[in-house]
Amino acid sequence: MAVPDASKVRVRIAPSPTGFAHLGTASTALYNVLFARQHGGTFALRIDDTDLERNRPAYEQVIYESLHWLELDWDEGPDMGGPFAPYRQSERVDTYREHSVKLLAEGKAYKCYCTPEELDAERKQAQAEKRPYKYSRRCLIDPPQDRAEFTVRFKVPGGEIKFPDMIRGEMTFDAGLIGDFIIMKSDGFPTYQFASPVDDATMKISHVIRGEEHLSNTPYQLMLIDALGYERPEAYAHMPLILAKDGAKLSKRKHPEANLALYRQQGYLPEALINYLALLGWNPGTAQEIFTFEELLRVFSFDRVQHAGARFDWDKLNWINGEYIRRLDDEELARRLQPFLPKLEEATIRRATPALKTRMAKLADAADLLEYLWTDPPVPPLDEEALEFIRAAIAALSDAQWEPPAIHEKLMAVVEAAGAKPNKVFMPIRLAVTGKKISPPI
RNA sequence: GGCCCGGUCGUCUAGUGGACUAGGACGCAGCCCUUUCAAGGCUGAUAUCGCGGGUUCGAAUCCCGCCCGGGCUACCA
C-alpha cells in the first residue's frame, strides 16, 4: 500500500487500563512501531480510560512497564507529553464535550432520555420479532419533557462507508444497517466509539493499526469523523486476533497467557517474545523464523499479514526462546540469569551457565535445574544394583581431586570395573545428587 | 437474528489454475553423537486443502450453496 506523505505517518495504540497488560496490546504495539519506524513516522501511546468503573491508575503503570520491557517505546504519551497532549482520555473530556455540542448544534446528534431498561426492552422486542435491532429514534421524534438525565446519540446518516484496509483491501459497509448510537454517556463521559475517532482526528493519526475486533467499528468512527468535518485517516489495518489454545479470543480472565507480565516473570527474553509475536499472524514468505528487530523492520509488510486468527502456542514460543538463549554469550546469559537465581552467588551462576544454556526454554528453568545446590533432593527409589554403583562412586571419589576431568576419570573407572553401560552407572548418581533425570553433567 | 472477517498437518504457516505424489517450522517418534538429559545431525509419521455442487483438459487456488469458528450489533473498550 502506498504511503503518500511518508513524513506525516502517525500511528497509535490505545490500551485501556482495566487490568494487567494484555498480550494483544504488545502485538498491536509491535505492528505500529514497525510501521512507524519503516516510514520515519511517529508512534503515540494514548490511554483509553473512559470506563470509570473499571479503570485503575495502577494498570496504566503496568502497561508502561510491559511495553518498555519489550522496547516498544513511544514518541508521545501521557508520561512524556507531545504536541497533541493530553494523551489520557479522562483528561480530554472537554474536547469530547465540545465536539458533541457541535454535533448537537448542527442537528447531527440529539439527546436521548431513554433509560437502560427501556432500551433493553426495545432490543428484546426486536429480537423476539426477529428483526435486526436499530434504535427507534423515539427521543428524536418525540422527546419526553419531564426527564433530565440524557445521553447523546449520533444521528446515523446511512449510506455506504468505504475505507482502505492495508491487510484486507477495500472494505465496504452499509451504514443503513447501523442504528443511532450513543456517543456521550449520561455520566458526561464519551463512549469508546466517539472518543476514539475524535482523538484519531485531532491527533492527526494517519494510519489506524489495531485488532480485528475493531473492523466493524470502523464505519461508526468514519461517519463521526465525516460529520465533524475532519480528514479521515489514510488507511486502516486490522490485525488477526490472537486466539487461545481452545480457539477462543484470549481473555484476561480465562487465559493466563494473555498476561504480559507472566513472560517476564518466567524468563522469556523480550526479543524472543517480539519475534514470536511477529510470526503470529505474519510470515516473510521465506523459511526464516528468527529475526532481529532490524530484520523485521526490513521485511515486514502488511500484505503478508494473515487474515485468520492465530492460536497461541507455548511450544513454539519455548523453542524460539531457547534459540535466543543459546545465541546469547555466556557472560550475557549469566547476567540475565541472576534475578532468577537469588540463592546463588554470581561466580557460581557464571560457572553453571554453559551447562544450563542448552537445557532451558526460559530463564526460570534455571532454578529447577540447580535446585539441588540449595536444597537436598528427595531420596530417589533405587534398586540394589544402583546403590552398589553409588557406593563405588563414593569410594572412588573420596580421594579424587575436585576438578571435572579428575572426577570424570574416577567415575569412568567405576563404570569400567562394573562392566556396565555408562548410563547404568551415571543415572543413579545423577538421581542421588540432583534428584532429577535432567541435570548438568556430573 | 442482522452485518463483517475467516476456515491447508495437533499448532504457526507456504501456496493466487499445471513444477502439489500439498512444502517448511514447532511438537511427536526413531536413529546417531553423548557420562544422563538437553543441544546438534539424520530419518519418519501426521492434511480426503471445512462440506457439496459447478467452471476447466486440469482446482487448495475461480463461481455458487451450505456448514463451522470468531468479531461487531452495550450508557465495555
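Please keep in mind that the model is predicted.

Let's start with the whole chain. Chain A has 17 helices and 11 strands. Its radius of gyration is 30 Å. For 442 residues the globule rule gives 22 Å, and the value here is well over that, so chain A is more spread out than a compact globule. Now look at the extents. Along its principal axes, the C-alpha trace of chain A spans about 100 × 50 × 35 Å.

Next, helix packing. Two packed helices are described by the angle between their axes and the distance between the axes.

Pair one is α1 with α9. Helix α1 covers residues 23–38, and helix α9 covers residues 270–279. Their axes cross at roughly 80 degrees and come within 10 Å. Angles from 65 to 115 degrees count as roughly perpendicular, and therefore α1 and α9 are roughly perpendicular to each other. Which residues of α1 and α9 meet? From α1 we have Ala-26, Ser-27 and Leu-30, and from α9 we have Ile-274, Leu-277 and Ala-278. By class, that contact has five nonpolar residues, one polar and no charged.

Pair two keeps α9 and brings in α11. Here the angle is about 135 degrees, and the axes are 9 Å apart. The two helices, α9 and α11, are therefore oblique to each other. Their crossing is right-handed. On the α9 side, the contact uses Glu-271, Ala-272, Asn-275 and Tyr-276. On the α11 side, it uses Lys-316, Leu-317, Ile-320, Asn-321 and Tyr-324. This contact of α9 with α11 includes two charged residues, along with five nonpolar and two polar.

The crossing of α6 past α7 is right-handed. The classes are six nonpolar, three polar and no charged.

Now the backbone. Most residues other than glycine have a negative phi, and most peptide bonds are trans. Two spots in this chain deserve a look. The peptide bond from Ala-85 to Pro-86 is cis, with omega near 0 degrees. Where is Pro-86? Find the loop between α2 (57–69) and α3 (93–105). Arg-137 sits in the loop between α4 and α5 (138–141).

Last, the RNA. How many residues are around RNA strand B? There are 62, and Asp-48, Ser-186, Tyr-192, Ala-308 and Thr-358 come nearest. The elements giving two or more residues to this surface are α4 (116–128), β11 (310–311), α11 (314–327) and α17 (422–434). Helix α17 gives the largest share, five residues. So what classes make up the surface near RNA strand B? The residues there divide into 24 nonpolar, 20 polar and 18 charged.

One link to take away: α11 packs against α9, and α11 is also among the elements at the surface near RNA strand B.

Definitions and conventions. Residues are numbered from 1 along each chain as its sequence is written. Chains are lettered from A and ligands numbered from 1 in the order in which they are written. This is a predicted model: local features need pLDDT of at least 70, side-chain atom pairs count only at pLDDT 80 or more; totals for chains, interfaces and linings use all residues. A residue is near a molecule or strand if its C-beta atom, placed from the backbone, lies within 6 Å of it. Helices (H or I, at least four residues) and strands (E, at least two) are DSSP runs, numbered from the N terminus. Ala, Val, Leu, Ile, Met, Phe, Trp, Tyr, Cys and Pro count as nonpolar, Asp, Glu, Lys and Arg as charged, and the others, Gly among them, as polar. A crossing is left-handed if the near helix is turned anticlockwise from the far one by less than a right angle, and right-handed if clockwise. The radius of gyration is taken over C-alpha atoms; the globule rule is 2.2 Å times the number of residues to the power 0.38. Axes are lines fitted to C-alpha atoms, for helices over the stretch in contact, and angles run from 0 to 180 degrees between N-to-C directions. Angles under 35 degrees count as roughly parallel, over 145 as roughly antiparallel, 65 to 115 as roughly perpendicular and the rest as oblique. Two residues are in contact if their C-beta atoms, placed from the backbone, lie within 7 Å.
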